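This report describes a protein model in terms of its overall dimensions, its charged and nonpolar surface, its salt bridges and selected residues.

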Amino acid sequence: MFAWLLKNRLLVLAFFLLLLGAGIWALTETPVDAIPDVGENQQIVFTEWMGRSPKDVEDQVTYPLSVQLQGLPGVKEVRGQSGFGFSMIYVIFADNVDFYWARTRVLERLAQLKGELPPDAVPVLGPDATGLGQVFWYTVEGDGYSLDELRSIQDFYISYQLQSVQGVAEVASVGGFVRQYQVDVDPNRLADHGISIHQLSTAIERSNVDVGAKVIQQGGMEFVVRGIGFIKDVEDIENIVITARDGIPIYVRNVATVQLGPAFRRGALDKNGQEAVGGVVIVRYGSNPLEVIKKVKTKIAEIEPGLPQGVKIVAFYDRSGLINRTIGTLRNTLIIEIIIVILVVTLFLLHFASTFAVSLVLPVGVAISFVFMKIIGITSNVMSLGGVAIAIGVMVDYGIIMTENIFRRRAEAPGEPPLKVTAQAAREVAPPILVAILTTLVSFAPVFALTGQEGKLFGPLAWTKTLAIGAAALISLLLIPVLTSFILRGRLRKVEENPVSHAIVRGYRPILSWALKHKLVVVITAAVLTVGGLATVPFIGGEFMPPLDEGSILFMPVTLPSASLPQVMQVMRTQDSVLSTFPEVESVVGKLGRAETATDPAPVSMIETVINLKPKRQWRKGMTKEKLVAEMDAALQIPGVSNIWTQPIINRIDMLATGIRTQVGAKIMGPDVAELERIGLEVEAVLRDVPGAADLFTERPVGKPYVEIEINRRQAARYGLSVGDVQNVLMTAVGGMEVTTIFAGRERYGLQLRYPRAMRTEVRDLERVLVPTKQGAVVPLGQIAAIKRTMGPAMINSTNGIPRSYVLANVRGRDVMGFVREASRTVASRVELPPGYSISWGGSFTHQVSARKRLSIIVPISLLIILLILYQGFKSFRDLGIIALGLPLSIAGGLLLQIILGYNFSVAVWVGYIALFGVATDSGVLMMSVLRNRLKDKPFRDPKAVRDGVLDAASLRVRPALMTVVTTMLAMVVILFSQGAGSEVVKPMAAPTVGGLLTATAANLILVPVLYSWFAERRTQRKI
């Protein structure tokens, strides 16, 4: 093969130039995000049923929909939420189900279920976006403009413009007031004129219509006939005629007061203690978030000149900042790695042409990786770039081995034909290079086997590392022999003439010579080090993933369910004002309740506050994010409010993966929501005694005050009233009924009919609500119904149709896995569950459990395959055993460094060990190959001759072995000490590799020759 390559050198160069060009193009076109989209494959079914209680919504909408949607193919789980006036159902599909195929199946099932739901409850499918699609939040600000004016600008101008941006699935509005035409009916005046509410609503509805009367033709022209009848303002409504008495018209103004006012709302926005109006941009599934955000900003710049004077759009959450910081951290790390690797190679070889050949592996290999990333559909994010980063040191290893051997062979045979020597040198090291490549690639197979969120998170890393290693192997085996044939010219210095190589060999030989004479000491030392490292395992904690520092804080205080919107608004304003006083805080924007989108299920009692921080250089001396959160939490202790601290993206990930918005949650399931709350409060009390528990909060399904009106059917029948007659009056007079829609150009506003606020403010006012009879009389509601106060559910959550409640907690000061183990034991021993109820534990740690189970099966299989590959390379169980002894020693080294640096076991750390398995034996393979090639068939007279032969053979490979180890290790050290966004995720992956390579290098350079010599000496002694 190598002879053919060297005969067709120009063809090989052209092929790699083509790949390099494709890589540069792919590098600019690959989508960019902060982290992989780990959201569940979910579809959201949203149903608005205005004014209905959570109990009614659950029984008549959520439960029937949940049961029916469970039967769809590929569905894993159906989660339901029933709130005041709305239902949200999350249909979670298996990951292998196509996203848009799933949407089609859900739409088909919804079409079949229309007849089973209340007529005015129409389910709709949420936007085609994942839970991580909320990438850009902004406020609409303008001095001198009211909140309703700003909300109208947002609803009917800004949101329409931004929704036109390619890649945007939805632009939702939040905060401010939606304008509404309100007709406050005086029931006494209605009774005086003998008019029913139904007559009034019919008159208004029939007075708000435009009609078309086709066309008329005149003078050879065609005129469109249009009847103008739309309501334009308050005066038009006041002048609507309801009926006439004795020729005198009765207008709306005679029985009601008409005004413009705010519509009923279930959400609000606050910025630095002042109420605000804003919006959220949700990215479409599969779109490039960074590119979409750029286009949104461009569109904002385009439309701002068209906004009313003084109105501006101000971003307060922009994920592109996190994306750029994260990618910038990894990009800088990659650049530093490449520079260090090049410097190391230059130092070892002291030959510019050889350094150039080896260094070319890195940029060309990375470029080729991006070509395949583009083909496969992998985005550029902290995990995919992290895969390239941890591969950098390994990528250059194969080029070093190939270049060093060609260089050495050419230097030793100056009179031989260069192409012939190059081909022979390449053939000599190709087998061990292939073995090393295969072991490295196979070692990462367990990462590909991960499923669920952990698979989505680490899959890109596994792909990019594999692609980078594959590209490096391709370059090392195909391109470097061709390049060296061009660039290695003139007289080449032998290894012993190179001062660096000479110094390495001179330092290595005495150490190895001593080790060969004291084999038992070396073996015992290796055994003690291995046992000591493995003994640290019980003292290391566990977690799913080290948290990514997103640069901003998400503060999620939760009030009691009984709190009203004005009360929660006051709490939010107070908290935001306090948060704004911290010198590290740049801006504070809080949201209570829901934004107008199916992706936001928050009740009024929940607040989500985004705290944007200043650059760390502007922080107080000694301040850390953890200290800052602790100070803020201490300053925001309000009775009846539970504080939860997290980050925007990680919060969405946790909620999507398990429905739990904290690190840990006790999931309580059972038929009765009141009993769920009782059990939850008992569990919360128990968890307070478990060390590490923080931000404890129990969801209170039952905690909302209800006013229940139970109609006395017999009493109502005496007045000729049915239950429906009374209920219609209740819905219209108390709840308010939207009669029609007022069109004002592009704007749309509802017209609502209800009693004046003074007649429906308190419970006793309801007794005086007048119910008209068919005979024209009116009956006070208190005479035909019993009105009582009671407690009911504020929000009903369910999983697969079964009600459930959560006890939420974050963990501080200890590892998550240790906390869960202790918490589950404590709760099981102290909380007694009634029949039909169960407690399970959820949160991000469940992904660690899932990953650990899968890896415990796949990793041993991969190690077995690695051993089989090594055996195929040497066909000797003895030699295989000698090389394999380096694996437990490398694991011990990784464990020792891990415990020194304080990293818990996590999926990231396990991935680091998996990466270590692939490179730990590479130098051992090289060392064993040279020992076998040089010494296998040589007759030795005595043990000393064996030791001398081993010493000479090992000295030939010490330079390339050290070069590969140093480049790999220094590349990992750069990652280990990197700073900035994203470094928290990749640093734990580097720790096992750095620590493991230290001990693995000692094993490969010392232990392998010692054990090989031991066996060879025993053979010599038997012959004697």
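**Basis of the values**

The model is predicted; local features need pLDDT of at least 70, side-chain atom pairs count only at pLDDT 80 or more, and totals for chains, interfaces and linings use all residues. Residues are numbered from 1 along each chain as its sequence is written, and side-chain values use heavy atoms, with hydrogens and water left out.

**Overall architecture**

The C-alpha trace spans about 135 × 85 × 55 Å along its principal axes. The secondary structure comprises 35 helices and 32 strands; helices (H or I, at least four residues) and strands (E, at least two) are DSSP runs numbered from the N terminus. Of the 1024 residues in the protein, 57% are buried. Here buried stands for under 20% relative accessible area, exposed for over 50%, and partly exposed for values in between (1.4 Å probe, protein chains only).

The protein exposes about 42,800 Å², of which carbon and sulfur atoms supply 58%. Accessible areas come from the Shrake-Rupley method with a 1.4 Å probe, and for residues only the protein chains shown count as cover. Among contacts with a separation of 6 or more, 80% are between residues 24 or more positions apart, a contact being heavy atoms within 4.5 Å.

**Charge and surface patches**

There are 102 positive and 87 negative side chains, and the centres of the two sets lie 11 Å apart. Lys and Arg count as positive and Asp and Glu as negative, while His and the chain ends are not counted. The place of a charge is taken as NZ of Lys, CZ of Arg, CG of Asp or CD of Glu.

Patches consist of residues with over 30% relative accessible area and no salt bridge; like charges are joined within 9 Å, and nonpolar side chains (Val, Leu, Ile, Met, Phe, Trp, Tyr) within 5 Å. A positive patch on the surface brings together Arg821, Arg825, Arg852 and Lys853. Helix H28 (816-830) and helix H29 (845-874) are the elements that give two or more residues to this patch. Lysine 853, which belongs to helix H29, is exposed at a relative accessible area of 58%.

A nonpolar surface patch is formed by Phe372, Ile375, Ile376, Phe448 and Trp463, with about 470 Å² of accessible area together. Helix H13 (residues 361-376) contributes the largest share of this patch, three residues. Isoleucine 375 lies in that helix and is exposed, with 63% relative accessibility.

**Salt bridges**

Side chains of opposite charge can pair when their charged atoms come close. With a salt bridge defined as a side-chain nitrogen of Lys or Arg within 4 Å of a carboxyl oxygen of Asp or Glu, the count comes to 27. Three of these pairs are tabulated here.

| Salt bridge | N to O distance |
|---|---|
| Glutamate 275 and arginine 265 | 2.6 Å |
| Lysine 299 and glutamate 302 | 3.5 Å |
| Glutamate 675 and arginine 678 | 2.6 Å |

Glutamate 275 is buried, at 17% relative accessibility.

Lysine 299 and glutamate 302 are separated by about one helical turn because they are three residues apart in helix H10 (residues 289-303). Lysine 299 is buried, with a relative accessible area of 19%.

Glutamate 675 and arginine 678 both belong to helix H23 (residues 673-687), where they are three residues apart, about one turn of the helix. Arginine 678 is partly exposed, at 37% relative accessible area. Elsewhere, salt bridges that share partners join Arg265, Glu275 and Arg573 into one network.

**Selected residues**

Asparagine 1004 is located in helix H35 (residues 983-1023) and is buried at 2% relative accessibility. Leaving aside residues up to four places away in sequence, asparagine 1004 touches Ala920, Ser923, Gly924, Met927 and Pro1009.

Tyrosine 138, in strand E5 (residues 134-141), is buried with a relative accessible area of 0%. Tyrosine 138 and glycine 278 are 140 residues apart in sequence, and their C-alpha atoms are 5.4 Å apart in space.

Methionine 1 is found in the segment before helix H1 (2-7) and is exposed, at 61% relative accessibility. A distance of 35 Å separates the C-alpha atoms of methionine 1 and alanine 1002, which are 1001 residues apart along the chain.
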